[in-house]
Amino acid sequence: MVDDDGSPPLRADARRNRDALLRAAAAGFAAGDAPTLEKIARDAGVGIGTLYRHFPTRESLVEAVYRTELAAVCASVDGLLASHEPADALREWMDRYAEFVTTKRGMAETFRAMVADGTLAAADTRAAIDGAVGTLLAAGVRAGTLRADVEADDVVTVLVGIFVATQGSDDRARLGRLLDLVAAGCAPRS
């Protein structure tokens, strides 16, 4: 038996520690700073040795946080569609994607180096995000609440532009208004 990443499964306590480290690291990165590994371990309630057993380098921690957060934002689509109308699910998902992007900003320097050396492939991220948006759009088309002529890649391109334009800003209201405009642009024409 192996975990999702092909490694042997972790004991329950080791899994809890790993998950706590990932949550603490994601929170630190989302805050916009570059937390030290010692701070991440402390915030997770574990020792630095435990952090290094799970993540021998800062890059391995950043990669794990990135992959975990990406998987979570993409996996949230099914739950959103189960509890919201597709157009509302799309708008709610945009907020979750914005949070994912915020988390990435805190690890930007390490992230850029990992893309440059091939550890992470930006195209894989884009495909995953396009797939999530495509699922939401298709559900909206079937329900008649989203336009059939809107392409997932176009929506993602606009979202990325918004995130770049608002980078460094703490104006959540403005970000919300811009995301509302994208959602409104996906609604059927009158």
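Visitor: How many helices and how many strands are in the chain?

Guide: The chain has nine helices and zero strands. Helices (H or I, at least four residues) and strands (E, at least two) are DSSP runs, numbered from the N terminus. In sequence order the pattern reads α-α-α-α-α-α-α-α-α.

Visitor: Before we go on, what kind of model is it?

Guide: This is a predicted model, where local features need pLDDT of at least 70, side-chain atom pairs count only at pLDDT 80 or more, and totals for chains, interfaces and linings use all residues. Residues are numbered from 1 along each chain as its sequence is written, and side-chain values use heavy atoms, with hydrogens and water left out.

Visitor: What box do the C-alpha atoms fill?

Guide: Roughly 60 × 40 × 30 Å, taken along the principal axes.

Visitor: And what share of the residues is buried?

Guide: Of the 190 residues in the chain, 39% are buried. Buried means under 20% relative accessible area, exposed means over 50%, and partly exposed is in between (1.4 Å probe, protein chains only).

Visitor: Give me a buried one. Where is Leu-90, and what is it in contact with?

Guide: Leu-90 is in helix H5. It counts as buried because its relative accessibility is 1%. Leaving aside neighbours within four places in sequence, Leu-90 is in contact with Leu-136, Leu-137, Leu-146 and Cys-186. Contact here means heavy atoms within 4.5 Å.

Visitor: Is Thr-50 buried or exposed?

Guide: Thr-50 is buried, because its relative accessible area is 13%. Its place is in helix H3 (residues 48-54). With neighbours within four places in sequence left aside, Thr-50 is in contact with Asn-17 and Leu-21.

Visitor: What about Asp-13?

Guide: Asp-13 is in helix H1 (residues 12-30). Its relative accessible area is 32%, so Asp-13 is partly exposed. From Asp-13 to Ser-60 is 47 residues in sequence and 20 Å in space, C-alpha to C-alpha.

Visitor: Changing topic: how much space lies in the largest pocket?

Guide: About 500 Å³. The lining of the largest pocket has 17 residues, and Val-101, Lys-104, Phe-111, Val-160 and Val-164 lie nearest its centre. Helix H5 (86-106), helix H6 (108-116), helix H7 (122-143) and helix H8 (152-165) are the elements that give two or more residues to that lining.

Visitor: What counts as a pocket, and what is a volume?

Guide: On a 1 Å grid over the protein atoms alone, a pocket is an open set of points where a 1.4 Å probe fits, with protein on both sides within 12 Å along at least five of seven lines; lining residues have an atom within 4 Å of a point. Grid points are joined across faces, edges and corners, and a volume is the space filled by probe spheres set on the points.

Visitor: Back to Val-160. Which residues is Val-160 in contact with?

Guide: Tyr-97 and Arg-126, leaving aside neighbours of Val-160 within four places in sequence. Val-160 lies in helix H8. It is partly exposed, because its relative accessible area is 30%.

Visitor: Last one. Of contacts between residues at least 6 apart in sequence, what share joins residues at least 24 apart?

Guide: In this chain, 67%.
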